[in-house]
Amino acid sequence: MSNNLKTALVLASIALTTFVGIIAKYWILNG
Amino acid sequence: MSSVADSHAHGHAGHGDHHGGYGGIMRWITTTNHKDIGTLYLWFSFIMFMVGGVMALAIRLELFSPGIQYFNPDLFNQFTTMHGLIMVFGAIMPAFVGFANWQIPMMIGAPDMAFARLNNWSFWLLPFAGLLLIISFFTPGGAPGVGWTLYAPLTVQMGVGMDLTIFAVHLLGMSSILGSINIITTILNLRAPGMTLMRMPLFVWTWLITAYLLVAAMPVLAGAVTMTLTDRHFGTTFFNAAGGGDPVLYQHIFWFFGHPEVYIIALPAFGVVSQVIPAFSRKPLFGYASMVYATSAIAILSFIVWAHHMYTVGMPVTGQLFFMYATTLIAVPTGVKVFNWVATMWKGSLTFETPMLFAIGFLFLFTMGGFTGLVLSLVPIDIQLHDTYYVVAHFHYVMVAGALFSAFAGVYFWLPKWTGRMYDETLGKWHFWLTMIFFNMIFFVQHFLGLAGMPRRIPDYPLMFETWNKISSIGAFGFGLTQLFFLYIVLKAIRSGEKAPERPWEGADSLEWTHLPTPVPYHTFEVQPNLK
């Protein structure tokens, strides 16, 4: 795996986790 | 995909001006060249600037006199909403991504962006998003009239135009995130040997930090509008009090994105100005390291100040105090930057060509916008001025005099390098002075309107506000016409401008000026320079 791909995957996973996380957090809080 | 950039460059070794396999429109649709994509971004942003500008003129036309003149209040609200969305996401942000595409590879000695095909896709998402925003006007119920912040619960009550807007925001966010991933990867992995992080031009530094902000902040906006979408169509009640949700929650989530967004727009503008001022002062940038640290500090602080946009929602006093102190703290790194720009000019061999005029205009007006921001950061004052024209004046000093002036400085500064042609200096100076005068005519007087209590986002107002509104509206039409004049200056330069010398600005010393010919060939740095 190239360095470029590794960097991109780390960044993409941060973005995806934030997106899913923020919805999941309030979904769970709302019950 | 990194191999795409590499093989592309090697495949054309010795054919510096070769445009690839396609000609005409297909060249632009299929291009993976960072310069082509930079050009696409810049032209797209200018078109959207015109579209958003027409809406601004419609708003100012209606506000020329008290009473309802031309547009019903609902359409007026749609104009204010779409003006904000189009200018922020369609005009200013793509303009600086255009600069990033053109400049970052050349400034760090890279052959292209790390992911050339992804770069193409990042751009081509934008026209579709822009179209969705415009098409929303023609749907039943029209475009959403909820303000660019898309606050709940109004968003739940809007027609299908709201869904198109949500989808457009998703596309714009996706484009920004993909573009940011590309920029970070390019800067971290493709720098020429010897181009250490602390030797990078400040424009590259500001974009590196901005791209991190985008990766962290844009998914939050995407989450907020996705929750709005599910509230509208899938029975959830994230923001609906009747179902146990909370409309104020939307404001918290939105501004957690929204305040970093202010710096997503401002930081690349700082970067452009940090290239222009040293070039026309013929001195290195004063306090380079402190500029890098100040930019980083601004970025970090931008995530802990969001609730200063919502002091009036009824938060506890301790909350208000925290956000007030955190907000005033941002003035420290921002002050460091302003000090460094002024210190760069101090005892410099200054000349005042158009890019420098716009940079100094930026410095002067952005500082004013910063000071009114400090005023608004104070809870007791903000509670009085919240949602008045004082706020409108403040953020236009930051967004227009900050970002737009800096973008103009950047276009005039790099146009000779991009096109090999000089713009008409006399016309450029006319553009600057007219822009400066009309900008202040529009927005300086809006401080008075706000202090006198005129609320924002209304199509009608009491008679006592008429004089300043008339001045503001006349200024707006002058400002709009002046930007058509800018288009003429750029087209004239491209078509029949004088041939640019190799180093039109002898004080400019980043790689694109010192290591590349003017105009730059289609492919640059096929062999990376060794800067050790």
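This is a predicted model: local features need pLDDT of at least 70, side-chain atom pairs count only at pLDDT 80 or more; totals for chains, interfaces and linings use all residues.
Local features require pLDDT of at least 70 and side-chain atom pairs count only at pLDDT 80 or more, while totals for chains, interfaces and linings use all residues. Residues are numbered from 1 along each chain as its sequence is written, chains are lettered from A in the order in which they are written, and side-chain values use heavy atoms, with hydrogens and water left out.

**Interface of chains A and B**

In this model, 26 residues of chain B are in contact with 17 residues of chain A (heavy atoms within 4.5 Å). The two chains bury about 1600 Å² between them, 77% of it on carbon and sulfur atoms; buried area is the accessible area (1.4 Å probe) lost when two parts are put together, summed over both. Three residue pairs, both residues at pLDDT 80 or more, are in polar contact across this interface. A polar contact is a pair of N or O atoms within 3.5 Å; within protein, one must be able to donate a hydrogen and the other to accept it, and residues adjacent in sequence count only if both atoms are side-chain atoms. On the side of chain B that touches chain A, α8(B) gives the most, with nine residues.

**Salt bridges**

One pairs Arg282(B) with Glu506(B) at 2.7 Å, N to O. Arg282(B) lies in the loop between α9 and α10 and Glu506(B) in the loop between α16 and α17, so the pair ties together parts that are 224 residues apart in sequence.

**Pocket and cavity**

On a 1 Å grid over the protein atoms alone, a cavity is a set of points where a 1.4 Å probe fits but cannot get out, and a pocket is an open set with protein on both sides within 12 Å along at least five of seven lines; lining residues have an atom within 4 Å of a point. There are four cavities of 30 Å³ or more.

| Space | Volume | Main contributor to lining |
|---|---|---|
| Second largest pocket | about 450 Å³ | α9(B), four residues |
| Largest cavity | about 130 Å³ | α7(B), six residues |

Among the residues closest to the centre of the second largest pocket are Arg199(B) and Asp509(B). For the largest cavity, those closest to the centre include Tyr41(B) and Met93(B).

Terms used: Grid points are joined across faces, edges and corners, and a volume is the space filled by probe spheres set on the points. Helices (H or I, at least four residues) and strands (E, at least two) are DSSP runs, numbered from the N terminus. A salt bridge is a side-chain nitrogen of Lys or Arg within 4 Å of a carboxyl oxygen of Asp or Glu.
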